[in-house]
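User: I would like to learn how to read the architecture and surface of a protein model. Could we work through one example together?

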Amino acid sequence: MSDASWKLIQDAAWPMLLALVKVTIPLTALSFILGLVLALFVALARMSAKPWFFVPARVFISAVRGTPLLVQLGLIFFGLPEFGIQVPAFTAATIAFSINVAGYAAEVIRASILSVPKGQWEAGTTIGMGYATTLRRIVLPQATRIAIPPLSNTLISLLKDTSLASTILVTEMFRVAQTTAAPTYQYFSLYALAAAYYWIVCFGLSVAQGRLEHRFDRYVAK
């Protein structure tokens, strides 16, 4: 690697790190939290026996999983203004990523809930708990342990997918790498640095996943 490439990496390392901390990670965290909340409601609707609940939930999941995330970003940021709805870039990215997370996480949550032994539901009913209480105090803690690995994969994928926000001019880390590399055409050096940053954060999330699984082991019925 040439001296010019090293100099470029040194100059770009700090701005890219700031973008990672100030934009990429907050965008990931906010989208994941909102997506999980929406996913829980979609999952419960999907499990309902009432068609006016499970039909819209199935359509939502199918639409999200059947369309590219880049298209979803474009619909919200570039499409909504045609109807007089102006959405700031960061907000548009948050909405699109949250909806995308919900579409995938809803099926993970549903499968995790269904994997909890039926006897756990019966135990809640036996001691006088209603559906909501049994779900909250008995079933969800056990389902959470089961859902941690796939949801962690969703989170890691989301972190990497935030690079797509650069297409709607969100100044996240990858956008900084792009704009820095453009005048010099030193794309390999800057993109390699971006890859290293992504890998470091994903590695940290993987470590946190292992610790979280161990913590929730006590909730799983043996």
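User: In what order do the elements of the protein chain run from the N terminus on?

Analyst: One begins with the elements in sequence order. In this predicted model, the order is α-α-α-α-α-α-α-α. The secondary structure comes to 8 helices and 0 strands.

User: What percentage of the contacts in the protein chain with a separation of 6 or more comes from residues 24 or more positions apart?

Analyst: Here one considers separation along the sequence. Residues 24 or more positions apart account for 74% of those contacts. As for overall dimensions, the C-alpha atoms fill a box of roughly 70 × 45 × 25 Å along the principal axes.

User: How many of the residues are buried, as a percentage?

Analyst: Burial is read from relative accessible area, with under 20% as the cut-off. Of the 222 residues in the protein chain, 41% are buried. The accessible surface is about 12,300 Å², and carbon and sulfur atoms hold 68% of that area.

User: How many positive and negative side chains does the protein chain have?

Analyst: Both the counts and the placement deserve attention. There are 17 positive and 9 negative side chains, and 12 Å separates the centres of the two sets.

User: How much space lies in the largest pocket, and which residues are closest to its centre?

Analyst: The largest pocket holds about 460 Å³ of space. Its lining comprises 19 residues, with Phe32, Leu36, Thr144, Ile148 and Leu151 the closest to the centre. Helices H1 (3–47), H4 (89–115), H6 (131–161) and H8 (187–216) each give two or more residues to this lining.

User: Which helix gives the most to the lining of the largest pocket?

Analyst: H6 gives the most, with 8 residues.

Note on methods. Residues numbered from 1 in each chain as written. Predicted model: local features only at pLDDT ≥ 70, side-chain atom pairs only at ≥ 80, totals over all residues. Heavy atoms only, no water. Helix = DSSP H or I, 4+ residues; strand = E, 2+ residues; numbered from the N terminus. Buried < 20%, exposed > 50% of the residue type's maximum accessible area, 1.4 Å probe, protein only. Contact = heavy atoms within 4.5 Å. Areas by Shrake-Rupley, 256 points an atom, 1.4 Å probe, with all protein chains shown as cover. Lys, Arg positive; Asp, Glu negative; His and termini not counted. Charge placed at Lys NZ, Arg CZ, Asp CG, Glu CD. 1 Å grid on protein atoms, 1.4 Å probe; cavity = no way out; pocket = protein on both sides within 12 Å on 5 of 7 lines; lining within 4 Å. Points joined across faces, edges and corners; volume = space filled by probe spheres on them.
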